[in-house]
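Please read this briefing alongside the sequence and the 3D structure. It begins with the whole chain and then turns to single parts.

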Amino acid sequence: MLFLFIIRRLNPRARVIVGVTLTVAGLVLLGLAATVASWLVIHGAITTALGVAFCVAAYVGHKKVPTPQELVASERPASPVDGYTRVG
């Protein structure tokens with residue numbers, strides 16, 4: 001659950017950075033597991049999977065980011081119905 005919260009709070013660029021870092025760390029752990037300590041296999045697999053999840057979240061989140069035009073249009077005030085504006 002904590003990782004889902006972290007994924008949601010980061011912007012897409014930060015998600016990519018975290019994802020690549022976790023993927024590389026996971027692959028290093030898998031390499032160590034193959035050569036030195038076999039008990040590191042599960043840790044390497046989990047870390048690599050989390051890194052891939054962050055990268056996928058960045059890719060999907062990048063598609064959902066609103067364009068600047070959509071942001072400006074949503075902040076524009078509604079036009080008055082009669083053509084008159086009320087002050088106060």
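**Overall fold**

In the protein chain, 61% of the contacts with a separation of 6 or more are between residues 24 or more positions apart. The model is predicted. It shows a protein chain with four helices and zero strands, in the pattern α-α-α-α along the sequence.

**Surface and burial**

- Of the 88 residues of the protein chain, 18% count as buried.
- The accessible surface of the protein chain is about 7,200 Å². Carbon and sulfur atoms account for 68% of that surface.

**Helix α2**

- Helix α2 covers residues 12-35 and has 24 residues.
- From its first C-alpha to its last, α2 reaches 35 Å, close to the 34 Å expected at 1.5 Å a residue.
- The buried residues of α2 are R15, G19, T23, G26 and A33.

**Residue T23**

- T23 is found in helix α2.
- T23 counts as buried because its relative accessibility is 18%, and the cut-off for buried is under 20%.
- Apart from neighbours within four places in sequence, T23 is in contact with T47, T48, G51 and V52.

**A nonpolar patch**

- V16, V20, V24, V28, L32 and V36 form a nonpolar patch on the surface. Together they have about 500 Å² of accessible area.
- An α-helix has 3.6 residues a turn, so residues three or four places apart point the same way.
- V36, one of the patch residues, lies in the loop between α2 and α3.
- V36 counts as exposed because its relative accessible area is 67%, and the cut-off for exposed is over 50%.

How values were computed
Residues numbered from 1 in each chain as written. Predicted model: local features only at pLDDT ≥ 70, side-chain atom pairs only at ≥ 80, totals over all residues. Heavy atoms only, no water. Helix = DSSP H or I, 4+ residues; strand = E, 2+ residues; numbered from the N terminus. Buried < 20%, exposed > 50% of the residue type's maximum accessible area, 1.4 Å probe, protein only. Contact = heavy atoms within 4.5 Å. Patch = residues over 30% accessible without salt bridge, like charges linked within 9 Å, V, L, I, M, F, W, Y side chains within 5 Å. Areas by Shrake-Rupley, 256 points an atom, 1.4 Å probe, with all protein chains shown as cover. Salt bridge = Lys/Arg side-chain N within 4 Å of Asp/Glu carboxyl O. Expected span 1.5 Å × (residues − 1).
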